[in-house]
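Colleague: I would like to learn how to read the features of a model such as this one, going from strand pairing to cores and then to charged contacts. Could we go through them one at a time?

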Amino acid sequence: MTGALIWLIAGILLIIAELLSGDLFLLMVGVGALFGAGSAALTGNPFIDVAVFAVASVGMLVLVRPTLKRRFLAGPDIKTNTEALIGARAVVVSTVDGDAGQVKLAGDVWSARSMTGGEPIAPGTSVTVVEISGATAVVSAEL
């Protein structure tokens, strides 16, 4: 039972140390140590315990760690800044044509111009932001 306790303490310490490193290496080895603790509690044979620890640790490092790293490093697919405004709806404040105009977009008044440059878009019309060009929203009238 002493061997199982040592493996358990080592596993917990490695998992706690992972909180400081953030590389997921110590977490995988810590989980391997917990498998070693389970083996020690069941068999009591130190050679089997070390083999279980080694196989579990290497398996976790090779199979689980790359997937977790890829998932954590990818991050959420959240659009920010002007990228988040593309596709948003706006309301025309002053007539928008191919050269100038203003729209209310995300609570602010933006300079705007029509994407087509054809007919002017009247105030009060709902439009969709197609592009942000500098500080100007390029908009298209909704059908």
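This is a predicted model: local features need pLDDT of at least 70, side-chain atom pairs count only at pLDDT 80 or more; totals for chains, interfaces and linings use all residues.

Colleague: In which sense do β1 and β4 pair, parallel or antiparallel, and over how many bridges?

Modeller: The pairing of β1 with β4 is antiparallel and extends over three bridges, with R89 finding its bridge partner T128 in β4. Strand β1 is also joined to β2, again by three bridges and with the strands running antiparallel, and there S94 stands opposite Q102 of β2.

Colleague: In what order do the five strands close into a barrel?

Modeller: The order is β1-β2-β3-β5-β4, and the pairing around the barrel is mixed. If direction is ignored, neighbouring strands of this sheet are turned by 55° against each other on average.

Colleague: How many residues does the largest nonpolar core have, and which of them have the most contacts inside it?

Modeller: The general idea is that, in soluble globular proteins, nonpolar side chains tend to be buried together. Here the largest nonpolar core has 14 residues, and V96, V103, L105, W110, V127, A137 and V139 are those with the most contacts inside it. Two or more residues are given to this core by each of the elements β1 (89–94), β2 (102–105), β3 (108–114), β4 (126–133) and β5 (136–141), and the largest share, three residues, comes from β4.

Colleague: How is the protein chain divided into domains?

Modeller: The division gives domain 1, covering 3–73, and domain 2, covering 83–141. Their centres, taken over C-alpha atoms, are separated by 56 Å.

Colleague: Turning to charged contacts, how many salt bridges does a search of the whole structure find?

Modeller: The search finds two. In one of them the side chains of D23 and R65 meet, at 2.9 Å from N to O; since D23 lies in the loop between α1 (2–21) and α2 (25–42), whereas R65 lies in helix α3 (residues 46–74), the pair ties together parts that are 42 residues apart in sequence. K69 also forms a salt bridge with D23, with the closest N and O atoms 2.9 Å apart. Because K69 lies in helix α3 and D23 in the loop between α1 and α2, this pair ties together parts that are 46 residues apart in sequence.

Colleague: Is D23 buried, partly exposed or exposed?

Modeller: D23 is partly exposed, its relative accessible area being 34%, and K69 is likewise partly exposed, with a relative accessible area of 26%.

How values were computed:
Residues are numbered from 1 along each chain as its sequence is written. Side-chain values use heavy atoms; hydrogens and water are left out. A nonpolar core is a set of buried Ala, Val, Leu, Ile, Met, Phe, Trp, Tyr and Cys residues joined through side-chain atoms within 4.5 Å. Buried means under 20% relative accessible area, exposed over 50%, partly exposed in between (1.4 Å probe, protein chains only). Helices (H or I, at least four residues) and strands (E, at least two) are DSSP runs, numbered from the N terminus. Two strands pair if DSSP finds at least two bridges between them. Axes are lines fitted to C-alpha atoms, for helices over the stretch in contact, and angles run from 0 to 180 degrees between N-to-C directions. A salt bridge is a side-chain nitrogen of Lys or Arg within 4 Å of a carboxyl oxygen of Asp or Glu. Domain bounds come from an automatic or database domain assignment.
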